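Subject: Structure handover

Hello,

Please find the structure below, with notes on what was found in it. The notes follow directly after it.

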Amino acid sequence: DRKPIKAVLHMPYNEGWLRQSMITVLASIVAIFLYSFTIYKIDIPYLMPPQVPKNILGEEWLMLVNLFAMVLWVPFAEELFFRGFLLTSWIPKYGHSKSIMLVSLVFMFVHSHPGLYFPVFMSSVLISYLFIKTKSLWPAFLSHAVLNLIVVIVAASA
């Protein structure tokens, strides 16, 4: 009953997918900010998101390679696996809500820092919902890519 991955690689049918992708990015940023603010206020350093190194992109020609990897390649590969494969495989078996939670838990643990668990989990829930709503990987990929780009820009400008 599982859809082949090519079934979700088409462009979305609904016209508002670009707006929905940006709303997903904004909601993720709000969740990350609220989480970080709360953890800072209750003073649990262990659960603070890690500091991203200022030189995350490296130097010289490696900057372009790393930028491509972090903003395009990694989000595409992760979305293809987590939403395109896992989520579409688990929905027929577990339903939408449980599948979103399971995929988001796996996605969260792949990002392996306790300070990232909640922000990554929430972003994954939002992106999974976007994927289900649009029935396409492209809005999920766009949201993920923009979030990664924001991380790179903030880190590089710190």
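This is a predicted model: local features need pLDDT of at least 70, side-chain atom pairs count only at pLDDT 80 or more; totals for chains, interfaces and linings use all residues.

**Notes on the model**

P119 lies in helix α4, where helices are DSSP runs of H or I with at least four residues, strands are runs of E with at least two, and both are numbered from the N terminus. P119 is buried, at a relative accessible area of 6%; buried means under 20%, exposed over 50%, and partly exposed in between, with a 1.4 Å probe and protein chains only. Leaving aside residues up to four places away in sequence, P119 touches I32 and Y35, a contact being heavy atoms within 4.5 Å.

Residues are numbered from 1 along each chain as its sequence is written, and side-chain values use heavy atoms, with hydrogens and water left out.

**Overall fold**

The chain has 5 helices and 0 strands, in the order α-α-α-α-α along the sequence. For 158 residues, a compact globule would have a radius of gyration near 15 Å, and the 16 Å of the chain agrees with that. This radius is taken over C-alpha atoms, and the globule rule is 2.2 Å times the number of residues to the power 0.38. The C-alpha trace spans about 45 × 40 × 25 Å along its principal axes.

Of the 158 residues, 37% count as buried. Among contacts with a separation of 6 or more, 72% are between residues 24 or more positions apart. The accessible surface of the chain is about 9,400 Å², and carbon and sulfur atoms hold 72% of that surface. Accessible areas come from the Shrake-Rupley method with a 1.4 Å probe; for residues, only the protein chains shown count as cover.

**The largest pocket**

How much space lies in the largest pocket? The volume is about 1,000 Å³. The search runs on a 1 Å grid over the protein atoms alone: a cavity is a set of points where a 1.4 Å probe fits but cannot get out, whereas a pocket is an open set with protein on both sides within 12 Å along at least five of seven lines. Lining residues have an atom within 4 Å of a point. Grid points are joined across faces, edges and corners, and the volume is the space filled by probe spheres set on the points.

The lining consists of 28 residues, and I32, V52, L116, L147 and V151 lie nearest the centre of the pocket. I32 is also one of the residues that P119 touches. Helices α1 (17–41), α2 (62–94), α4 (114–134) and α5 (137–157) each supply at least two lining residues, and α5 gives the most, with 8. By class, the lining has 21 nonpolar, 6 polar and 1 charged. Here Ala, Val, Leu, Ile, Met, Phe, Trp, Tyr, Cys and Pro count as nonpolar, Asp, Glu, Lys and Arg as charged, and the others, Gly among them, as polar.

**Backbone points to check**

Which residues have a positive phi without being glycine? S112 has a phi of about 30°, and K135 has a phi near 60°. S112 is in the loop between α3 (96–110) and α4 and is exposed, with a relative accessible area of 55%. K135 is in the loop between α4 and α5 and is partly exposed, at 47%.

**Two further helix residues**

A69 is found in helix α2 and is partly exposed, with a relative accessible area of 24%. Residues up to four places away in sequence apart, A69 touches V74 and P75. A69 and E15 are 54 residues apart in sequence and 29 Å apart, C-alpha to C-alpha.

V110 belongs to helix α3 and is partly exposed, at 48% relative accessible area. V110 and F68 are 42 residues apart along the chain, and their C-alpha atoms are separated by 20 Å.

Regards
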